[in-house]
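Student: I would like to go through this structure with you. Could we begin with its covalent cross-links and then turn to its strands?

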Amino acid sequence: MSTSLALLVGCQGGAAYIDSSFLQSDLGYQRPHPQRPPGPSVPSPDEGENSRPTPVEESPTDTSPPREEAGHNTPCGQETIAKIKAPGSEPVSLRCNIQLSSRDVVTHQLIFEGSAASNAVLDCGGGLIDVSSGGSRMQKTGIVVRSTRIASGQWDAPRNVTIRNCRIRGFVRIYGLGENANGAVMKASSLKPDHINYAQAAAPANVKFEKVQIEAPNGIPFYVGPGVTGAALISSQISGRSTAVAVYLDAESARNTISGNVFSIKTDKRELIAIDGSARNTISRNTFENSDNGGIFVYRNCGEGGVIRHQKPEFNQITQNTFRYSSGRQQPAVWLGSRNGGKDYCFTDPAYPFGSSASNADFADNNNVEGNRIVGGGRNLIVSRGGNNVVRDNTSQ
């Protein structure tokens with residue numbers, strides 16, 4: 001097989017497999033032993049909470065929770081519903097549709113994994129998912145949508161998962177090759193020139209969170225992992241506190257939508273939305289109540305963990321948002337090109353003639369920042385350090 005992208009993709013809702021032979025060693029890298037996607041790890045001060053250790057290689061043994069109710073668009077059975085509603089904190093893996101009520105309180109982590117979870121719908125009906133008492137960041141993650149690595153070594157990705165009308169005290173994670181961009185699998189893939197396509201094909205697509213309320217228990221509430229495409233957070237409310245950001249769009253992800261949301265969350269020191277090597281996203285009609293530490297920063301996190309970042313953070317639409325400031329500390333509402341190689345780890349990726357290995361610059365180009373409103377600050381809080389960006393019709397008061 002050639003080293004170009006090797007895909008076996010079914011129709012929407014069907015199995016979507018990505019062949020791990022893409023990681024074979026014509027560039028001198030030995031393919032990693034097959035492993036499941038790394039479990040949730042703790043991000044670093046630059047990318048998340050505290051630190052981001054590289055996931056340890058694991059055996060291919062499937063240690064995930066047993067899947068429930070095989071089939072697409074099928075209602076969950078009573079046994080599964082009872083398990084979800086029962087007291088306890090053990091994770092529950094779902095591949096069926098479930099309707100809850102406003103009286104329901106779920107204390108289990110809910111996992112939608114692999115193509116078996118495609119087309120699944122979770123409608124909480126106003127009910128609560130509360131994992132905020134967990135002792136670790138992993139235990140405080142209430143909903144996970146992720147790809148799985150099957151025995152053949154291929155990646156099996158979910159498509160078209162919908163979560164709506166939920167109150168969530170905890171975090172949300174969507175990911176494919178790795179929960180963040182620093183794992184061994186991401187590093188191996190990043191040595192290939194077709195890394196963007198590989199990462200995107202291996203990751204979940206079209207995962208929608210609609211009319212949800214996420215209360216962050218001291219961490220990143222909504223993390224879109226490497227390669228994820230078509231994720232959406234719409235008409236929702238994000239509150240609580242984060243030691244990092246509120247929304248993270250990680251490397252090689254694309255075409256995601258953050259729209260019509262109210263962000264009342266407070267961050268300790270970082271911006272509210274990080275667009276890190278992510279492209280063609282739409283960030284529109286959101287209200288950011290606490291923008292003092294920054295609103296939306298667009299950059300490419302060159303070289304961290306020895307992983308080459310390929311995709312440029314370009315063609316993003318940042319329009320009709322409201323940024324509110326209330327203190328003397330005023331970081332930019334929108335900052336295109338906020339890093340441009342200003343981190344020591346930019347020099348830790350290997351020498352290859354592409355991506356952040358070829359240049360540590362952000363390349364935050366061809367973005368559109370239009371019709372945004374800044375309350376309590378001036379229009380100078382929109383900063384463009386890229387090329388061919390359109391910045392117009394933004395107002396302040």
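This is a predicted model: local features need pLDDT of at least 70, side-chain atom pairs count only at pLDDT 80 or more; totals for chains, interfaces and linings use all residues.

Student: How many disulfides does the structure hold?

Tutor: The structure holds two disulfides. One of them joins Cys76 and Cys96, with the sulfur atoms 2.0 Å apart.

Student: Where in the chain do Cys76 and Cys96 lie?

Tutor: Cys76 lies in the loop between β3 (67–68) and α1 (78–85), and Cys96 in the loop between β4 (92–94) and β5 (98–99). The two cysteines are 20 residues apart, and the pair links distant parts of the chain.

Student: Why is the disulfide of Cys76 and Cys96 called right-handed?

Tutor: The torsion about its S-S bond is about 90°, so the disulfide of Cys76 and Cys96 is right-handed.

Student: Are Cys76 and Cys96 buried or exposed?

Tutor: Cys76 has a relative accessible area of 8% and is buried. Cys96 is buried too, at 0%. The cut-off for buried is under 20% relative accessible area.

Student: Which cysteine forms a disulfide with Cys124?

Tutor: The partner of Cys124 is Cys166, and their sulfur atoms are 2.0 Å apart. The link of Cys124 and Cys166 is right-handed, with 80° about the S-S bond. Cys124 is buried, with a relative accessible area of 0%, and Cys166 is buried at 1%.

Student: Let us change topic. In what order do the ten strands of the open sheet run?

Tutor: The order is β5-β8-β13-β16-β19-β22-β26-β29-β32-β35, and the pairing is parallel.

Student: Which strands stand at the edges?

Tutor: The edges are β5 and β35 (390–392). Each has a single partner strand, so one side of each is left without a neighbour in the sheet.

Student: What pairs with β35, and over how many bridges?

Tutor: Strand β32 (residues 368–370) pairs with β35 in the parallel sense over three bridges. Asn368 has Val390 of β35 as its bridge partner.

Student: One last item: where is Ser93, and what does its side chain contact?

Tutor: Ser93 is placed in strand β4. Its side chain makes a polar contact of 3.0 Å with the side chain of Glu113. Ser93 counts as buried, at 1% relative accessibility.

Notes. Residues are numbered from 1 along each chain as its sequence is written. Side-chain values use heavy atoms; hydrogens and water are left out. A disulfide is a pair of cysteine sulfur atoms within 2.5 Å. Helices (H or I, at least four residues) and strands (E, at least two) are DSSP runs, numbered from the N terminus. Buried means under 20% relative accessible area, exposed over 50%, partly exposed in between (1.4 Å probe, protein chains only). Two strands pair if DSSP finds at least two bridges between them. A polar contact is a pair of N or O atoms within 3.5 Å; within protein, one must be able to donate a hydrogen and the other to accept it, and residues adjacent in sequence count only if both atoms are side-chain atoms.
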